[in-house]
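Colleague: Could you walk me through how this chain is put together?

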Amino acid sequence: MKILLLGKNGQLGKELDRNLAQIGSLTSLSRLDVDITNFDIIKNYIQKIEPDVIVNEAAYTNVDSAETEKAIAYKVNSHAVLNLAKICKENDIWLIHYSTDYVFDGKKTSPYTEIHETSPINTYGKSKLQGEEAITQMGCKNLIFRTTWVIGKDGKNFAKKMLNLAKTCESLSVIDDQIGVPTTPSLISKVTITAIKSILQNKPWPIGIYNLTPKGSTTWYGIAKLTLSTAKENGINLRVLPSEIKPINSNQFETVAERPKNSLLNTEKLSKQLNFELPEWSDALMKVLSDIIREKNE
């Protein structure tokens, strides 16, 4: 099986680049290698490689910057995805794509299922929703994984930011009224590999959208406390201790883009396809935090 990975340099892309080669012949490309927003360029690349599966991790993910760079956000998250969907439809290629809880407004009090009405409240969410819709309307063979709050050992993320702030700042305030769970690239990669194996065995999952997160519920404040507690236990010198973090509401921390208050996703649909149980968010994150701290100590 030939697999083409797009977006190899992101948090998730680096994890996928390490792991996808175990199940097929892998070609990994970054935005510096190919412009997926240019239909002719990406079509020529795909026709040369002749993949059976395209895994698209390429995305514009800066939520706040998207509000002032709307054209770029839509170009990458919507227009480029339409390009891929067209090419996959024409060439009978599977497309695996990643989306976000930000397609919802966060006003529900219970977890969102795949069929709940979408209503994004920021440009990032709107552009990602258009990408989903492009795939669905094109009708190519597809799996779309909606995930939340990605935190891994590679690249920039919330956990690394909290560690850096706790080592340099006198105080630390973190939002405690946005509910969700951190999702690790290793979990997303594991699910992706399971899905591709089903294609390889000619027993593919039903096409469409799947929510992909670990179990449980927390807030950004809860993640920050676990991050600093783990760092403290591993000998990292902190100026702000876990017990000293101040919980605040969203309206006390101004951001350019509005965020959903509820980012919880119902994963029952995905769980029926898996041969393993989704982990608790804290267990999955602890493994990532151990890797981050180990690198800082080296």
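What follows is a short exchange about the sheet and the helices around it.

Modeller: This is a predicted model, in which local features need pLDDT of at least 70, side-chain atom pairs count only at pLDDT 80 or more, and totals for chains, interfaces and linings use all residues. Residues are numbered from 1 along each chain as its sequence is written, and side-chain values use heavy atoms, leaving out hydrogens and water.

Colleague: What is the order of the strands in the open sheet?

Modeller: Strands here are DSSP runs (E, at least two residues), numbered from the N terminus, as are helices (H or I, at least four). Two strands pair if DSSP finds at least two bridges between them. The edge strands, each pairing on one side only, are β2 and β8 (208-211). The six strands pair in parallel, in the order β2-β1-β3-β4-β5-β8.

Colleague: Which residue of β8 is the bridge partner of L143?

Modeller: Strand β5 (residues 142-147) runs parallel to β8, joined by four bridges. In β8, the partner of L143 is G208.

Colleague: What is the handedness of the crossover from β1 to β2?

Modeller: Strand β1 (residues 2-6) pairs with strand β2 (residues 25-29) in the parallel sense, over five bridges. Between β1 and β2 the chain passes through helix α1 (residues 11-19). A crossover is right-handed if, with the strands pointing away from the viewer, the path from the first strand over the helix to the second runs clockwise. This β-α-β crossover is right-handed.

Colleague: Are α2 and α3 parallel or oblique to each other?

Modeller: The axes of helix α2 (residues 39-49) and helix α3 (residues 70-91) come within 10 Å and cross at roughly 40°. Axes are lines fitted to C-alpha atoms, for helices over the stretch in contact, with angles from 0 to 180 degrees between N-to-C directions. Under 35 degrees counts as roughly parallel, over 145 as roughly antiparallel, 65 to 115 as roughly perpendicular and the rest as oblique. α2 and α3 are therefore oblique.

Colleague: Which residues of α6 make the contact with α1?

Modeller: The axes of α1 and helix α6 (residues 185-200) come within 9 Å and cross at roughly 50°. Contact means heavy atoms within 4.5 Å. From α1 come Q11, L12, E15, L16 and N19. From α6 come P185, S186, I188, S189, T192 and I193.
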